[in-house]
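Biologist: Got a minute to go through the charge pairs and the surface of this one? Please put it on the screen first.

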Amino acid sequence: MSRFLRNVDPKNYQKHWSWKHRILMYAGGSQLYGTALPTSDADLRYIYMMPVVEALGVSGTSTIVPHFIEKEAGVDVAGHMLNHWVKLALDGNPTALEGLFCDSQVKFANGYWETVLQRRNEFVSKRAVHKFIGKARSDLARTKRHKSFVDNPPVKPMQEDFGGVFKDNHYVYGDPRGRERYSKAKNDWDAYYFWASEGSAERRDLIRKFGYDLKDASNIFRGLGEISELLQYGEITYPRPDANFLKSIRYEGMDFDRMLALVDETIYHIDNHIAPHSSIPEQPNEESIINMLMELNAEWLGISADRVQELMELAS
């Protein structure tokens, strides 16, 4: 569903067509969560409408993308088209849902976004539980894998070590299982190399000191706190009420085994004690939200309400 725009000059992201059609812009990341330090990067998030010429298919370009990211020095900029954002938010996507509760960091919003916010409660549902818990488990699995990189860094594999023989400008294997083993080792090495080279020097120093990625751990607990609050109160508070706890993990660390146990305990508590007693709906009010989206797009494109009704009847 998403792709990156690699040809946009990051210094000129404000000249990109999607920026000109934004309906919401807010500071995300650590600025939103309340965990930023003076040295933290800035995260800028926005939601935008589709331009008319693109919707009509007459521009002769292929610039429609549901999502794009561009990063310049110290600023991470990401945008979602409203249609795509709505789909994610209805599905309970953690990143999409934060846009509904980012009031404290809104830098720009217009009438289109105000219309979306009027239906904020209709997006909220228990669908989010699967998404938030699934993300926590996925992030935890990645954290465990990265810890294995710290404890036992892989060695760059050579095809000769797996039975490969260089012949006619490529490697051949007498035993295909050797190629499979090499391919797995190469994938492990590539993952390690990418992991070891990403992030700031400060982050890598903390990884070496504590043996695992503290930022990932902090994000796991943040997400679990967000879904706990959503289930109990139907909203997510930003900055996070537990920001000091999240910063303590991020910058002071926690014993790895203790972190794993606490994550498991928290997930168990959510699944068995919070979710079963939550009063938020099982499903979002999808019909209402989709109707709102169609009305917003129709208004944006200059299509009359009567014509929208005609098109809906034709589609039914």
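Modeller: We'll take salt bridges, then a surface patch. Keep in mind that this is a predicted model.

Biologist: How many salt bridges are there?

Modeller: The count comes to 18 salt bridges. Side chains of opposite charge can pair when their charged atoms come close.

Biologist: Start with Arg45. Which residue does Arg45 meet in a salt bridge?

Modeller: Asp76. The side chains of Arg45 and Asp76 pair at 3.5 Å, N to O. Arg45 sits in strand E2 (residues 42–48) and Asp76 in strand E4 (residues 75–81), so the bridge ties together parts that are 31 residues apart in sequence.

Biologist: Are those two buried or exposed?

Modeller: Both Arg45 and Asp76 are buried.

Biologist: What about Arg120? Which partner does Arg120 have?

Modeller: Arg120 forms a salt bridge with Asp103, at 3.2 Å from N to O. That pair links distant parts of the chain, 17 residues apart. Arg120 is in helix H7 (residues 120–123). Asp103 is in the loop between helix H5 (94–98) and strand E5 (106–109).

Biologist: Switching to helix H8. How far apart are Asp139 and Lys135 in helix H8?

Modeller: They are 4 residues apart in helix H8 (residues 127–151), which means about one helical turn between them.

Biologist: Which residues join Lys135 and Asp139 in one network?

Modeller: Arg142 and Asp216. Salt bridges that share partners connect Lys135, Asp139, Arg142 and Asp216 into one network.

Biologist: OK, off charges. Which residues form a nonpolar patch on the surface?

Modeller: Ile290, Met294 and Met312. Together they have about 200 Å² of accessible area.

Biologist: Where does Met312 lie?

Modeller: Met312 is in helix H15 (residues 305–315).

Biologist: Why does Met312 count as partly exposed?

Modeller: Met312 has 31% relative accessibility, so it falls in the partly exposed class. Patch residues need over 30%, and Met312 has 31%.

Terms used: Residues are numbered from 1 along each chain as its sequence is written. This is a predicted model: local features need pLDDT of at least 70, side-chain atom pairs count only at pLDDT 80 or more; totals for chains, interfaces and linings use all residues. Side-chain values use heavy atoms; hydrogens and water are left out. Patches are made of residues with over 30% relative accessible area and no salt bridge: like charges are joined within 9 Å, nonpolar side chains (Val, Leu, Ile, Met, Phe, Trp, Tyr) within 5 Å. Accessible areas come from the Shrake-Rupley method with a 1.4 Å probe; for residues, only the protein chains shown count as cover. A salt bridge is a side-chain nitrogen of Lys or Arg within 4 Å of a carboxyl oxygen of Asp or Glu. Helices (H or I, at least four residues) and strands (E, at least two) are DSSP runs, numbered from the N terminus. Buried means under 20% relative accessible area, exposed over 50%, partly exposed in between (1.4 Å probe, protein chains only).
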